[in-house]
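Colleague: Could we go through this model together, a few questions at a time?

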Amino acid sequence: MNKKIIAIAIASAMAAPAAMADITVSGSFYGEILSQNEQAAKYPEAAGDSVLTFADGGNNQLNFTAKSGNVYGKMGLNVGPESAAANSTFNPTYRDFFLGYDLGNGASLQFGTMNGANKNLEKDAYIATFLQTRGTAAESTTSGKYGSGGYVANVIQYKGKVGGGTLIAQYNPNDKVNDAFNDDEGHVGVSFATKTGGVDWYVGYNNGKGSDASATDDSNIKLGARMKFGTIKANLDYTSADNGTTDWSSISIGATMDMGNGMSANINYGMQDTG
């Protein structure tokens, strides 16, 4: 009898860690065959020659998510060839890494490294492909990760439903920390996206690295709207950025037509003023 009780206790102790959280593994793998001229190619083979290459589309990732009750977390990794040197061994790099608490009714609190409040507010249908607008004249050049280009470190985030829309507010409370993972001291970001009538619109602002980590005050602003006309969804997007020395501003106008069976056609035009 005692042996059975001990065996049951040991089995329960061994099973407990696995039962504490539900672990999910997910990912995406993406590649593209590109023909580009020498100016556009990332690694031109010869000056003036066009380049035909198989490229890492930038959307190769491996994600680990965990949930236990209202508590959840995520660790994302870049796993494509571009995450390491050419012909290198497997060398994943961090994407987002955070812990969170589900407050219910669509609200949550998170802490860690995650998407900035302004990331992809424009809902770019081709983000993480070579057709994306980020990194082009359609988005302010200096925005980087404070626009749609990456992840902001060590922020506390509140996300919730407000007035029929989604509010995101972020703050990095770190101060005078000499650490590569604390490059965003004093960062503040806020965005709001909603729908009014048949128009989806958004507005967002952040102060970049924050005045605590930079000698200058940065600012990044996004605003825009999308509206559907039959099978066509049109968009108008504006971004601006200021790094204390130069101002950047961009306007992007585009349309995406649904062709059915998962296919679509898109045209987009971007203009940038570097002040």
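Here are our questions and answers on the fold, the surface and some ring contacts.

Modeller: A note on sources: this is a predicted model, where local features need pLDDT of at least 70, side-chain atom pairs count only at pLDDT 80 or more, and totals for chains, interfaces and linings use all residues. Residues are numbered from 1 along each chain as its sequence is written, and side-chain values use heavy atoms, with hydrogens and water left out.

Colleague: How many helices and strands does the protein chain have?

Modeller: Helices (H or I, at least four residues) and strands (E, at least two) are DSSP runs, numbered from the N terminus. On that basis the protein chain has 1 helix and 15 strands.

Colleague: What share of the residues in the protein chain is buried?

Modeller: Buried means under 20% relative accessible area (1.4 Å probe, protein chains only). Of the 275 residues in the protein chain, the buried share is 33%.

Colleague: Are the rings of Tyr72 and Phe98 stacked or edge-to-face?

Modeller: Rings of Phe, Tyr and Trp (its six-membered ring) pair if their centres lie within 6.5 Å, with planes under 30 degrees apart stacked, over 60 edge-to-face and the rest tilted. The structure holds 3 aromatic pairs. For Tyr72 and Phe98 the centres are 6.5 Å apart and the planes are at 85°, so the pair is edge-to-face.

Conventions: Buried means under 20% relative accessible area, exposed over 50%, partly exposed in between (1.4 Å probe, protein chains only).
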